[in-house]
Amino acid sequence: METVRDGLQRHVSGRTFETVQVLHPRAARRHLAGPDDFAAALTGGAVGSARRRGKYLWLPVDADALIAHLGMSGQLVVGEADRPLTPHVRARFSFTDGGPDLRFVDQRTFGHLSFSPGGAELPSAIAHIAPDPLEPAFDDDRFAARLMRRQTGIKRALLDQSLISGVGNIYADESLWRVGLHWARGTDALRRSDVVRLLGAVREVFAEAITAGGTSFDSLYVRVNGESGYFDRSLAVYGRAGQPCPRCGAAIRRDKFMNRSSFSCPKCQPRPRRGHW
DNA sequence: CATTTATCCTGTAAGC
DNA sequence: TGCTTACAGGATAAAT
């Protein structure tokens, strides 16, 4: 997401929307007034500096904001305006300068675009999203206190974007592996030193992912590529069931949890006696 | 109130 | 071959 934000900043910020087309109603489903109202609200708007919090991106547009969440399969792509429409283009934005357009492409339609008041600072529509640990607004002490007050499992808490943002299923598994914590470990039984180490691991994983994403970034296309170099080279446990743990050699296990998979090392991350499933 | 589960979606791949 | 099923998972409404 940070890679996409950077691409938006370089290719879209400073330009002015000329036309806005919603090609699939689901893309703007969070805009309750409907796709036409969404398009009208953005048409003619001047785009400011691209911002990000966790998995959310937004472009300030005049005094408001265009918010994007890419979900699982979403992409924001900038390219020559006259290129053909591919099947999964859900929205299209052209610019008054007649240059490359911006397209929201999303195969599985879990992503969405929305329009919200409050562009320069955090838009009101995503005010409930906590800071992500790479931004200055993240308060380590506050996070630790809120986390240890919860009665749930550590991974569930890590995935709660109102507590800490930017951590998804993959990064949660990788971070927990790095600090040797099982996904079901109770948050109320964590020591403060565990939380400090875990935050360090999350920041490491984020930083490495950004570095890997940046190296594969094309100068013209703004893309989210789930199969970037990072995924192949740097994942220790995610998607590696049955393969050896890079640290101890034990076979990586896979558990079903929260309608998804959790990967962990049975030796480095032993099951807690009182786990939160 | 706090916490957990079900649901949305579609291309790919595995199973029969 | 062709059909069916499982899977991927972020956010949130609904259920507990």
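How many nonpolar, polar and charged residues make up the surface near DNA strand C? The residues of that surface divide into four nonpolar, seven polar and six charged, where Ala, Val, Leu, Ile, Met, Phe, Trp, Tyr, Cys and Pro count as nonpolar, Asp, Glu, Lys and Arg as charged, and the others, Gly among them, as polar. This is a predicted model, in which local features need pLDDT of at least 70 and side-chain atom pairs count only at pLDDT 80 or more, while totals for chains, interfaces and linings use all residues. Residues are numbered from 1 along each chain as its sequence is written, chains are lettered from A and ligands numbered from 1 in the order in which they are written, and side-chain values use heavy atoms, with hydrogens and water left out.

**Domains**

- Chain A is assigned domain 1 (2–126) and domain 2 (140–264), with bounds that come from an automatic or database domain assignment.
- Taken over C-alpha atoms, the centres of domain 1 and domain 2 are separated by 28 Å.

**DNA strand C**

- DNA strand C is surrounded by 17 residues, of which the closest are Arg-30, His-69, Met-72, Arg-108 and Tyr-238; a residue is near a strand if one of its heavy atoms lies within 4 Å of it.
- Of the atoms of DNA strand C that come within 4 Å of the protein, sugar and phosphate account for 63%.

**DNA strand B**

- By class, the surface near DNA strand B has two nonpolar, six polar and four charged residues.
- A phosphate oxygen of DNA strand B is 2.6 Å from a backbone N or O atom of Gln-151, and one is 3.1 Å from a side-chain N or O atom of Arg-156.
- In the side chain of Gln-107, an N or O atom lies 3.0 Å from a sugar or linking oxygen of DNA strand B.

**Sheets and helices**

- One open sheet has four strands in the order β2-β3-β4-β8 with antiparallel pairing, two strands being paired if DSSP finds at least two bridges between them.
- Because β2 (51–53) and β8 (112–117) stand at the edges of this sheet with a single partner strand each, one side of each is left without a neighbour.
- Strand β4 (residues 64–69) is joined to the antiparallel β8 by six bridges, and His-69 stands opposite His-112 in β8.
- Helix α2 (residues 35–42) packs on this sheet, touching β3, β4 and β8, and its direction makes about 60° with that of β8; contact means heavy atoms within 4.5 Å, and axes are lines fitted to C-alpha atoms, for helices over the stretch in contact, with angles running from 0 to 180 degrees between N-to-C directions.
- A further open sheet of four strands has the order β1-β6-β7-β5, again with antiparallel pairing, and its edge strands, β1 (17–22) and β5 (74–79), each pair on one side only.
- Helix α2 also lies across β1 and β6 (89–95), running at about 170° to β1.

Conventions: Polar contact = N/O pair within 3.5 Å; in protein donor to acceptor, adjacent residues only side chain to side chain. Helix = DSSP H or I, 4+ residues; strand = E, 2+ residues; numbered from the N terminus.
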